[in-house]
Amino acid sequence: MRLAALCMLFLLLHAAGIARAQPAQMAQSPAPRIGVVTMGPGDIFWERFGHDAIVVDDPARPGPVSYNFGFFDLEEDGFAQRFAKGEMRYLLVALPLEEDLAYYREVGRGATLQWLDLDPAQARRLAADLAENAKPENARYRYDYYTDNCATRVRDALDRALDGRLRRQLEGRSSGDTYRSESLRLAAPAPWMWLGFDIGIGPFGDRALTRWEQGFLPRRLADDLRKVTRADGRPLVAAEVELLPQRQAAEPVEQAQPLWPWLLAGTTLALLALALGRRYPRTLAGLAGGFWLLCGLLGTVLAMGWALTEHRALWANRNLLLMDPLCLLLLPGAWALLRGRTPSPRFRALLLAVAVLAALACLPLWLQAVPQRNGHWIALLLPLHLAFARLWSRPVRA
């Protein structure tokens, strides 16, 4: 009995010793390394802006894990409707870094890894937060192209780990770039994409961004991470490694957009319209009908984007004054002119209203009240609207 009691006491003391030792061992276990991997642009339109992810290299795991906020499911119920309404959902996926890089290696998109100098407690907290966020019940988030995308999610996760230090260092700085200028720069290799951004983005896109806001672009965030410092003054980026070379075209640089070619084109087209209208009115009527159809359709899309969707970048777009949905109501008058008939007084009134509204597009640009950089579209389209009004808005004399 005494021997059994002694054995039991020994086992209890041994178990208590193990329980006390485990927290100490866990506290002394190496902290994971944290990095940000930035991928270069690709050919597909949704790849133009590049991509990034957070890398967690935990010694307890077989290899580095990539936490990638850029996944979406095309087969998800209602995907197309949510995309159109601006309610698209993306999700965070955790996968081995080599597996994540396989696609970029295959298509020739470069990848650069920045290892960050985080305190052990910061690294552990960030790794735990990402693992929790990657659980299926937490992985989805409401995606916004500019304010809540795969790069801003990386930025925000790092900022939380740094107790807000990243935002404090970037918030008060600005390069003068805007959502529009950055979008047009990156969309430039695809003219249709460039046109879509430039016509579709309203005043939301023309405010000068802070460096914090500019972190919606992966490369801009990577550039700024190189300049961020820790509380002790050391650089946040401890090392930088090129994982994959960029074999596709690199990001284009911003190019100035002079106004005069647009004004020259608009003035020339207006003068040609006036000359053609006097000699070949039916031909001009056919061309005007095509112009009004295009303006009306584009304006309808802009109006619906403002009224029916959550795409804030489309709201209050001043191009609605130039690409007016009222232009669709001018089509019967164009048909009458094409057949050599006199258009109705209603057509003449509408034509004058469209020209006046197009001229009003100059007012906010001149006042600089919530400005929208659409001066080039005014220079191109306003002369045409005025020329058509000059030709057909007055009653025809007998």
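Two rings of Phe, Tyr or Trp, the last represented by its six-membered ring, are taken as a pair if their centres lie within 6.5 Å. In this predicted model, the structure holds 25 aromatic pairs.

**Aromatic pairs**

The rings of Tyr-90 and Tyr-143 have centres 3.9 Å apart and planes at 15 degrees, and because planes under 30 degrees apart count as stacked, the pair is assigned to that class. The pair links distant parts of the chain, with Tyr-90 in strand S4 (residues 89-96) and Tyr-143 in the loop between strand S6 (140-142) and helix H5 (150-161), 53 residues apart. Tyr-90 has a relative accessibility of 9% and therefore counts as buried, and Tyr-143, with a relative accessible area of 12%, is buried as well.

What geometry do the rings of Tyr-146 and Phe-216 adopt? Their centres are 5.4 Å apart and their planes stand at 70 degrees, so the pair is edge-to-face. Tyr-146 lies in the loop between S6 and H5, whereas Phe-216 lies in the loop between H8 and H9, so the pair ties together parts that are 70 residues apart in sequence. Both Tyr-146 and Phe-216 are buried.

One aromatic cluster is formed by Phe-45, Trp-46, Phe-69, Phe-72, Phe-79, Tyr-90, Tyr-141, Tyr-143 and Trp-192; the stacked rings of Tyr-90 and Tyr-143 are thus among its members.

**Charges over rings**

| Charged residue | Ring | Distance from ring centre |
|---|---|---|
| Arg-33 | Trp-115 | 3.8 Å |
| Arg-155 | Trp-212 | 4.0 Å |

**An enclosed helix**

**A partly exposed position**

Ala-353 is found in helix H13 (residues 345-360), where a relative accessibility of 31% means that Ala-353 counts as partly exposed. The C-alpha atoms of Ala-353 and Leu-97 are separated by 59 Å, and these residues are 256 residues apart along the chain.

Methods
Residues are numbered from 1 along each chain as its sequence is written. This is a predicted model: local features need pLDDT of at least 70, side-chain atom pairs count only at pLDDT 80 or more; totals for chains, interfaces and linings use all residues. Side-chain values use heavy atoms; hydrogens and water are left out. Rings of Phe, Tyr and Trp (its six-membered ring) pair if their centres lie within 6.5 Å; planes under 30 degrees apart count as stacked, over 60 as edge-to-face and the rest as tilted. Helices (H or I, at least four residues) and strands (E, at least two) are DSSP runs, numbered from the N terminus. Buried means under 20% relative accessible area, exposed over 50%, partly exposed in between (1.4 Å probe, protein chains only). A charge sits over a ring if NZ of Lys or CZ of Arg is within 6 Å of the ring centre and within 35 degrees of the ring normal.
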